[in-house]
Amino acid sequence: MEVLWVTQSLLQVPADLNWLHSSEKEVLSKFRFEKRRNDWLLGRWTAKQCVKAWLKNIDSGVSLEQMAIVAADDGAPEVIINGHPLNCMISLSHSHQTGLCAISSSTYKIGCDLEKIESRSPQLILDYFTEKEQAIVRQYDQEHTDFLANLIWSAKESVLKALRLGLRLDTRKVEINCTLHEGKGSWHKLEISNSDFDHRFFGCWQRTDEYVMTMVSDQEDFKLLEVGSINF
């Protein structure tokens, strides 16, 4: 099972908005605040780059303006092309002007999340982390505590996206166990416990200089393929 993923920055989003579907332009016109507008544009642009790469597998000639990234009734993103849903599952995230999208067949459940590595309030850790997760975070110095807090939070977000529940679910229903690795740019496994749900999830994480990203799937052997490093 393959999961394609891509990251994009706000600087890569074209100022010319002809790549938006007409329905997306209508949504965009309703945003009052620049940050909300930019975050929304970044999400759509990142998603369309991922979908475009996915469609190349089936030799599709679909243009970006024919795609619409819409919110389903449960809030999860979906891809509509020429009025019809695309048979896929996508997950979106953005943080501090960087976007992340992952896509796979609709047969599977996937979730992704991107977080800038920064200090998290002790109250957030107390309110949203399990006791075991709190113990993991507190066993290191402040620098590593900040990283692990963002990693665990990101992994929880990824699972909740895969479940299509988001923060409507108590985050303590999902427990993350991870081991600290110093290297950057490589994927590392993490353990996910969620005994209240029918689906078992498997995950991994990667760190860059400023961010941590997580990916989860209900398939243990999922293979991550970064868009841009794939030869179609």
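**Exercise 1.** Determine which residue takes a positive phi in the hairpin of strand 2 and strand 3.

*Solution.* Strands are DSSP runs of E with at least two residues, and helices are runs of H or I with at least four, numbered from the N terminus. Two strands pair if DSSP finds at least two bridges between them. Strand 2 (residues 67-71) and strand 3 (residues 77-81) run antiparallel and are joined by 5 bridges. Alanine 71 stands opposite proline 77 in strand 3. The hairpin has 5 residues between the strands, and glycine 75 takes the positive phi, near 95 degrees.

The model is predicted: local features need pLDDT of at least 70, side-chain atom pairs count only at pLDDT 80 or more, and totals for chains, interfaces and linings use all residues. Residues are numbered from 1 along each chain as its sequence is written, and side-chain values use heavy atoms, with hydrogens and water left out.

**Exercise 2.** Classify the ring pair of tryptophan 19 and tryptophan 45.

*Solution.* Rings of Phe, Tyr and Trp (its six-membered ring) pair if their centres lie within 6.5 Å; planes under 30 degrees apart count as stacked, over 60 as edge-to-face and the rest as tilted. The whole structure holds 5 aromatic pairs. For tryptophan 19 and tryptophan 45, the centres are 5.1 Å apart and the planes stand at 75 degrees, so the pair is edge-to-face. Tryptophan 19 lies in the loop between strand 1 (2-9) and helix 1 (22-28), and tryptophan 45 in helix 2 (residues 34-56), so the pair ties together parts 26 residues apart in sequence.
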